[in-house]
Amino acid sequence: MNESIMDYDVIITKLQHGQIGYVEYVLFQSEELRNEYIAYCIANELRVSEESAKAFSKIKDEEFQYAIENGLV
């Protein structure tokens with residue numbers, strides 16, 4: 001396991017307490033999510049930043065909500 005990957009509960013607590021920003025929130029969850037975020041930035045010609053990480057997180061949250069509402073997870 002990659003040492004830079006953190007437990008989700010730890011990540012969310014750190015984000016809520018201002019100990020990490022959205023870039024860390026995205027990058028520390030999983031290699032898959034990290035790779036998706038980097039691809040998102042490249043595809044949209046964005047820099048890795050708080051703004052792009054927050055927008056990416058919003059998209060992923062919406063996708064997850066859709067999956068829940070439609071019985072996909």
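Tyr-37 and Phe-56 are both buried, where buried stands for under 20% relative accessible area, exposed for over 50%, and partly exposed for what falls in between (1.4 Å probe, protein chains only). This is a predicted model, so to speak of local features a pLDDT of at least 70 is needed, side-chain atom pairs count only at pLDDT 80 or more, and totals for chains, interfaces and linings use all residues. Residues are numbered from 1 along each chain as its sequence is written, and side-chain values use heavy atoms, with hydrogens and water left out.

Now for the rings. Rings of Phe, Tyr and Trp (its six-membered ring) make a pair if their centres lie within 6.5 Å; planes under 30 degrees apart are called stacked, over 60 edge-to-face, and the rest tilted. That rule gives 4 aromatic pairs here. One of them is the tilted pair of Tyr-8 and Tyr-25, at 6.4 Å centre to centre with 55 degrees between the planes. Tyr-8 sits in helix H1 (residues 8-16) and Tyr-25 in helix H2 (residues 22-27), so this pair ties together parts 17 residues apart in sequence. Helices here are DSSP runs (H or I, at least four residues), numbered from the N terminus. Tyr-8 is partly exposed at 40% relative accessible area, while Tyr-25 is buried at 6% relative accessibility.

Tyr-37 and Phe-56 form another tilted pair, 5.4 Å centre to centre and 50 degrees between the planes. Tyr-37 belongs to helix H3 (residues 31-43) and Phe-56 to helix H4 (residues 50-69), so parts 19 residues apart in sequence are tied together.

Ring pairs also join Tyr-8, Tyr-22 and Tyr-25 into a cluster.

Key:
Helices (H or I, at least four residues) and strands (E, at least two) are DSSP runs, numbered from the N terminus.
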